[in-house]
Structure formats: structure tokens, C-alpha cells
Amino acid sequence: MPTWIFAIFSFLAVISTAHADGIAEKATLCASCHGENGVPVDPKVPVIWGQNAGYLYIELRDFKRGARASEMMAPMVADMSRDDMMALAEYFSKKPWPNLGQKPASAAIAERAETVANSAQCSQCHLAGFLGASSVPRVSDQSFDYLLATLEAFRSGARANNAWMTDLMKAYSGDDIKALATYLAGL
């Protein structure tokens, strides 16, 4: 192999390693809220370990654009490039989903939540087991506090980066939403 080709491959390997190190460094900052072991420090903060990469990227992009409001996240993503956001999304998607130790919903709450989920056709997007895929989030075993706050934010219109979810959640009562959050958290 000619020396110049070897030099190019070596340079690309160094750049790739430096980029990966940079992403790992950025990910360390994420751990201050989202948890070093994937369990967030506050139950109102979402689990991002094991979340779908496409969804994580879209949310980072929406925070940067201001389409999803967050006083905490906006400054975190302000200077991130698209490539950095994509790399972070991939990085976290490859981590194992943590066990939050949440209890399954009671039979009565599960029945009510399943009625809501079926009428809203939640599994059409979030798929079997509510694991999502690609740009649709996993909501199974997500923190109850985060799920409840998110569903209520969609219902009130405070979270405005998914008009479909806003319209859908407006059709349900606060008790329906609480049952759904309880059910999903315990899956």
C-alpha cells in the first residue's frame, strides 16, 4: 500500500476516534440529568438510554429550533451541529434500556389504559409493546412522571412539536391520561 494511502486512512481513523471521543464527552454532560447509568436523576427527565435514534435526533433538532421548548435543553443544543446531534442519538440508542423498577398497573387501571390506547390507536405508531421504532419513541417503561407530564403537555398544547399528539390527547380526560401513563410506565 502506498504511504500516502496509509496516511489518509490513519488520518481518517484519528478524526473518527476524536469525533467519537467528543461525542462521549458531550454524552457525559447529558448524564448530569439523564443519569450515568441511564436512570435519570429526576423522574420528570426522560430515559434516553436505549431510546430510538431517529426520535432522539428529532427531539434534539426540535430543541435547537425552538419547536420543543425547554429552558434546560435549549442551551445544551444551541451550538450542536446536525452531525453531533445524530452521533449523540446513535450513541444513546445503543445503550441498554435501564430498569426503573416501576410497578405494573393494577388490573382496573390497565383495562382503562388499554381502552384508551386502543381507541387512540397508540400501537399504530408506538408498535407492539409500545417500543416504537425509528422516529417514534419507546414509551414502554418510561418514567411515570415524565410520561404524565408529556401527555398533559401535549393535551394542553404546551408541547407543540407534534400536532398529531396534541390533537389526539385533547380527546382524553386527565384520568384517562393518568391511567395511560401508569400503564405504560409499568410495562
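## Confidence in the model

In this predicted model, confidence is lowest in helix α1, which covers residues 3–34 and has a mean pLDDT of 61, and highest in helix α9, which covers residues 174–185 and reaches 98. Within residues 2–19 the pLDDT is below 50, and beyond near neighbours in sequence this stretch has five contacts in the model. Where pLDDT is low, the predicted coordinates should not be read in detail.

Taken over the protein, the pLDDT averages 90, and 89% of the residues score at least 70.

## Overall architecture

The protein contains nine helices and zero strands, so that reading along the sequence gives the pattern α-α-α-α-α-α-α-α-α. Of its 187 residues, 41% count as buried.

How the chain connects to itself can be described through its contacts: among those between residues at least 6 apart in sequence, 68% join residues at least 24 apart.

## The surface and a nonpolar patch

The protein exposes about 10,600 Å², and carbon and sulfur atoms supply 59% of that area. One feature of the surface is a nonpolar patch formed by L29, M72 and M76, which together have about 280 Å² of accessible area.

Of these residues, M76 is found in helix α3, which covers residues 73–77. The relative accessible area of M76 is 35%, and M76 is therefore partly exposed, which also takes this residue past the patch requirement of over 30% relative accessible area.

A disulfide is a covalent bond between the sulfur atoms of two cysteines. A search of the whole structure finds zero disulfides. For C33, the nearest cysteine sulfur is that of C30, at 8.8 Å, and C33 is in no disulfide, because a disulfide here requires two cysteine sulfur atoms within 2.5 Å. C33 is also partly exposed, with a relative accessible area of 23%.

C122 is likewise in no disulfide, and the cysteine sulfur nearest to that of C122 belongs to C125, 8.5 Å away. With a relative accessibility of 12%, C122 counts as buried, because the cut-off for a buried residue is under 20% relative accessible area.

Key. Residues numbered from 1 in each chain as written. Predicted model: local features only at pLDDT ≥ 70, side-chain atom pairs only at ≥ 80, totals over all residues. Heavy atoms only, no water. Patch = residues over 30% accessible without salt bridge, like charges linked within 9 Å, V, L, I, M, F, W, Y side chains within 5 Å. Areas by Shrake-Rupley, 256 points an atom, 1.4 Å probe, with all protein chains shown as cover. Salt bridge = Lys/Arg side-chain N within 4 Å of Asp/Glu carboxyl O. Helix = DSSP H or I, 4+ residues; strand = E, 2+ residues; numbered from the N terminus. Buried < 20%, exposed > 50% of the residue type's maximum accessible area, 1.4 Å probe, protein only. Contact = heavy atoms within 4.5 Å. pLDDT = per-residue confidence, 0-100.
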